Amino acid sequence: MDDILQEFLAESWENLGQLDSEIVELEKDPQNADLIASIFRTIHTIKGTCGFLGLTNLGSVAHSAENVLGKMREGLLDISPGAISLVLEGIDQIKSLLEGLEATGEEPTTDNSALIDMLDQLAKCASGSSDSSSGQEQSEPEPSSSADTESNSTESSETSQAEAAGTEGVSSEEQVTESVSPSSEIEAETESETPVPPPTPPPTPAATPSSTSEGDAAAKSSKVSVADLSIRVNVNVVDSLMNLVGELVLTRNQLLQLARGDEESKYAAPITLLNRVTTDLQEGVMKTRMQPIGNAWNKLPRLVRDLSQVTNKHIELVMTGAETELDRTVLDAIKDPLTHMVRNSADHGIESPEERKANGKSESGTIHLNAYHEGGHVIIEIQDDGAGISRDKVLAKAIAQGLINEADANSVSDSHIYSMIFHAGFSTAEKISSVSGRGVGMDVVRTQIEKIGGTVDLSSKIGKGTVVRIKIPLTLAIVSALVLESGGQPFAIPQLGVVELVRLSAEDREKIETIHNKEVFRLRDRLLPLVHLNEVLGLEETKLDDDDLDDTNIVVVQVGEDQFGLIVSRIFDTEEIVVKPVGRLLKNIGLYQGTTILGDGSVVMILDVGGIFNKCGGSAAHSQSTAEEANTGADSDTISMLLFSVGEDETMAVPLSLVARLEEFPQASIEHNGGQKVVQYREDLLPLLSVEGTGYGGGEPIDPQPVIVFSDNNRSMGLMVNEIKDIIDEQFVIRMQSDRPGVLGTAIIAKNAIDVIDTQYYVTRSTPNWFESVEDKKTFRVLVVDDSMFFRQLVATALETEGYSVVTSDSCISAMELLERDSQFHAVITDIDLPMMDGFEFCEWLKGQETTKNISTLALTSSNSSANQSRAADVGFDQFLVKFNSHELISCLDGCFAQMAVDAGVNA
């Protein structure tokens, strides 16, 4: 395909991507002149390029759609649902022609005359009175008063002059469209563009620079243009780069494996440096593959609008978190599931206006899409305020289809009943429509989400609505995996699917029970089905010659909302792995999702826990475990207690609900800072304390050191113990009070008298202000603009230490580009003396934009002259600060943050 044609297709698809949502938004806000202008420019660009490339069929449709949009822009045509629907039909035809052009390299010869005639007729109806008053064209007269004619003539003249000035920069594109424009339209365009243009208006940052402007104004406009600051790269180049980085990660892992065996090696330092650089490079390349999830949402406003008309419902779509980024491959995988769920919410969830009004709701229903990061995952929530899902109706349907035994109906949990909705062919719709009701869609959702290592959960309340929560990984290219051994061979399991690890000694092996010839393990409050991995894979179990011969290793994994345990021979360590596709001969086995190369050079298979789950009977074990849960749920007055040993083998306990994590740290990683033991933990410092009054400080240090981690409200501390012993469910009653510091008292646990520690005592010893309220400043986003990398980093570090969320930019131009994509900032800190555009011009642009005018702006400069201070006040800076007093800057931001909290309280 010709490079110019390929570039045209890429640009057209990029522009059309947001056009559907813009037109739907225009229907809601007909007076939004900026929105009309943006839509008009997109169609105008496509039409102009079609003329240049000789695409007459495509150009004719675009030209007719442009005429209608032009009448809307001039105020001569009302923006009605009928007009919008016709424009959308024109855009759909443009997309269809582009698809044909992309597939064959030739323009389709589709007959679009009917659509073009309807568009032209709509445009002529709008301009009838204006055309008759101009006296330049012969058209059928329409009744109008002389006053109206004079008024329309004046408006038409003014509009022509405004368009001549505003479209001067694209006059070359207008000329090439003559081949696809009717003669009357050519005359109309010529009249509006040939008058001597008025004086060029002052340029603004939002304006497109004129290609024919002269002098300094043109030079300044060209500098402000943000289009020249980005490039389009073929996605194959990025994927190839990602593959090369993956190979580099594998090589890095091999070198690290070698370095672990020889700590005195002269290569240790270079390998450490290579590790750090490789990690940075990996993160950088991953960012190039990241795309905002809003790209997958572009079609949804149009979808909801069409569904509203088909179902005769009033539906509002609200989208938040569209800027949340995830890997392109993951983004492609979730587009169809999102479409299915939104369609389902619109058809099944939202009630008719009459039903909503009768139930005391507003006639307009709402579907809310929300996306945000949580750990290494992206969470997507689809929530509607509709009628909710009837538990009884779903249960009856599940029993009718044999998915649930009628005898177990009373003991099945709500979550398990709602999970039936994701089974193939399951639908509670009373009639099949063109929208949904065939029982396909929601099973596709779960299949697609689980295929990329994600989970989907559904909750619902009658009369309140339904929430579908999707949890997906950020990327699929390089993932963290647990390496284990079964049947004498190593395997890897993505850590996203691993819940916890359990090791049973030979004495505890009796805790594994057998029900209907199936092994289960009583893990706290439920029965966990067990599967021997070597039996599933058809491997013979090998005998191990070490001290752990009689230990049983269980990897607890999760598929959807179901959990089961894999019994394996050994568990090694976690490792970052590069996912390679499964070979052609192994694709149909269904137990593997890829292969990888470990640090020692060995090739291992990556297990597909979903495939193992399905091979072992799917969710059949789940019904059994949930029934058991219901039977044991009567003992709700018991709580889980964590038992650990300290000092001279003294056993103590703490409620498990207070424990965040259990860790083991090498003694070499524990440091002393100001008389306090600390360890670097999750990009922070974790203070460590010993249990008092037990003689813990004596004896040999334990390596690795077991630590119980307590966390709350972004604060954490660790309690060092000798050994983690067990978790036991008991009725928790303090039988005897204690006056020992750090001990609540003594309770009877597992028929033994055991002291229970006072968690509050230790957390306040490590952090005296532990229970003071902490303001979550992460929600307060700050943009720092400075051309000095050193100063940007200095300011960002100071603000991030205080808890603020900071984004940096090296110029006002790049800051403008960022703010045009994402204006959700609360404060902008900028230097004044900057190249291309200074801080004063940048502030004027900020205050002139509707989306950024309320952002607090702070000037931070070394030019502390009275003239600069006066000009800063004139252009709208809220504060003028001198470089660099961090306390003064933080004090100003704290004031802005406090004001934001006050405003939020007032709005609430």
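This is a predicted model: local features need pLDDT of at least 70, side-chain atom pairs count only at pLDDT 80 or more; totals for chains, interfaces and linings use all residues.
In general, nonpolar side chains in soluble globular proteins tend to be buried together. Here the largest nonpolar core has 47 residues, and the members that touch the most others are Ile334, Ile380, Ile470 and Ile472. The element that gives the most to this core is helix α14, residues 328-349, with eight residues.

Leaving aside residues up to four places away in sequence, Ile380 touches Ile293, Ile334, Leu338, Asn370, Ala371, Val468, Arg469, Ile470 and Ile472.

I turn now to Ser460, which lies in strand β6, residues 455-461. Is Ser460 buried or exposed? Its relative accessibility is 14%, under the 20% limit, and Ser460 therefore counts as buried. Its side chain makes a polar contact with the side chain of Thr466 at 3.0 Å, and also reaches the backbone oxygen of Gly465 at 3.3 Å. Beyond residues up to four places away in sequence, Ser460 touches Gly388, Ile389, Tyr418, Gly465 and Thr466.

Finally, the cysteines. How many disulfides does a search of the whole structure find? The search finds zero. Cys892, for instance, is in no disulfide, as the nearest cysteine sulfur, that of Cys896, is 7.0 Å away, whereas the cut-off is 2.5 Å. Cys892 is buried, with a relative accessible area of 15%. Cys125, by contrast, counts as exposed, because its relative accessibility is 52% and the limit for exposed is over 50%.

Key: Residues are numbered from 1 along each chain as its sequence is written. Side-chain values use heavy atoms; hydrogens and water are left out. A nonpolar core is a set of buried Ala, Val, Leu, Ile, Met, Phe, Trp, Tyr and Cys residues joined through side-chain atoms within 4.5 Å. Buried means under 20% relative accessible area, exposed over 50%, partly exposed in between (1.4 Å probe, protein chains only). Helices (H or I, at least four residues) and strands (E, at least two) are DSSP runs, numbered from the N terminus. Contact means heavy atoms within 4.5 Å. A polar contact is a pair of N or O atoms within 3.5 Å; within protein, one must be able to donate a hydrogen and the other to accept it, and residues adjacent in sequence count only if both atoms are side-chain atoms.
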